[in-house]
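Subject: Structure handover and notes

Hello,

Please find the structure below. My notes on it come after.

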Amino acid sequence: MQDLHGYYLEDLEVGMSDSYAKTITDADVVLFAGLSGDNNPIHINDEYAKTTPFKQRIVHGMFSAALISTVAGTRLPGPGAIYVDQQLKFKAPVHIGDTATATLTVTEIDERRRRVKCRTDVHVGDTLVATGEGTFMVDRREA
């Protein structure tokens, strides 16, 4: 089972970073709406969305948050890390067909409490669409 574990606390350093990119499809948005129960017409109804300031459907903001969770749970800190906290600000919409890239960068390590803080950013191209800070509990390496 050792190979299923991500980074241990002792392996992490401030400045480490990893990313995950996903091109978001119409099916992704419809499935996310079904899974989450968020059927806001801005996400799923073309005619309604045309009447909004965005003039088209937009991807759920929490879909961007899910991409951050993907990085945290699969890459950095990786499998075994526990999400403790997340602050997130949405800066710009994500549209169907966009490729969103979530990036986590280690900013602080609290060895005593086994907590790792990361800057959590999501970009579409050069546009920052969501930004924040996440905190994760990370295992120590067994002696």
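The notes cover conventions, salt bridges, the annotated domain and the nonpolar core.

This is a predicted model, in which local features need pLDDT of at least 70 and side-chain atom pairs count only at pLDDT 80 or more, while totals for chains, interfaces and linings use all residues. Residues are numbered from 1 along each chain as its sequence is written, and side-chain values use heavy atoms, with hydrogens and water left out.

Salt bridges

The structure holds seven salt bridges (a side-chain nitrogen of Lys or Arg within 4 Å of a carboxyl oxygen of Asp or Glu). Side chains of opposite charge can pair when their charged atoms come close. Helices (H or I, at least four residues) and strands (E, at least two) are DSSP runs, numbered from the N terminus. Asp11 has a relative accessible area of 28% and is partly exposed; Arg141, at 40%, is also partly exposed. For burial, the cut-offs are under 20% relative accessible area for buried, over 50% for exposed and in between for partly exposed (1.4 Å probe, protein chains only).

Another salt bridge joins Arg57 and Asp26 at 2.6 Å, N to O. Here too the partners come from distant parts of the chain, 31 residues apart: Arg57 is in the loop between helix H3 (46-50) and helix H4 (61-74), and Asp26 is in helix H1 (residues 26-36). Arg57 is buried at 10% relative accessible area, whereas Asp26 is partly exposed at 37%. Through shared partners, salt bridges join Asp26, Asp46 and Arg57 into one network.

Asp28 is also in helix H1, and its salt-bridge partner is Lys22, with the closest N and O atoms 3.0 Å apart. Asp28 is buried, at 16% relative accessible area, and Lys22 is partly exposed, at 23%. Not counting residues up to four places away in sequence, Asp28 touches Lys22, Thr23 and Phe63 (contact means heavy atoms within 4.5 Å).

Annotated domain

An unreviewed UniProt entry lists residues 20-122 as "domain: MaoC-like"; such annotations may be inferred rather than shown by experiment. Over residues 20-122 the chain is 33% helix and 32% strand, with 9 Å between the end C-alpha atoms.

Which residues touch the most other members of the largest nonpolar core? They are Ile24, Leu104, Val116 and Val122, out of 25 residues. A nonpolar core is a set of buried Ala, Val, Leu, Ile, Met, Phe, Trp, Tyr and Cys residues joined through side-chain atoms within 4.5 Å. H4 supplies the largest share of this core, five residues. Leaving aside neighbours within four places in sequence, the contacts of Leu104 include Ile68, Val71 and Ala72.

In H4, the buried residues are Phe63, Ser64, Ala65, Leu67, Ile68, Val71 and Ala72. The buried residues of H4 pack against E1, H1, strand E2 (82-90), E3, E4 and E5. The 14 residues of H4 should span 20 Å at 1.5 Å a residue, and the 21 Å between its end C-alpha atoms agrees; the expected span is 1.5 Å times one less than the number of residues.

Regards
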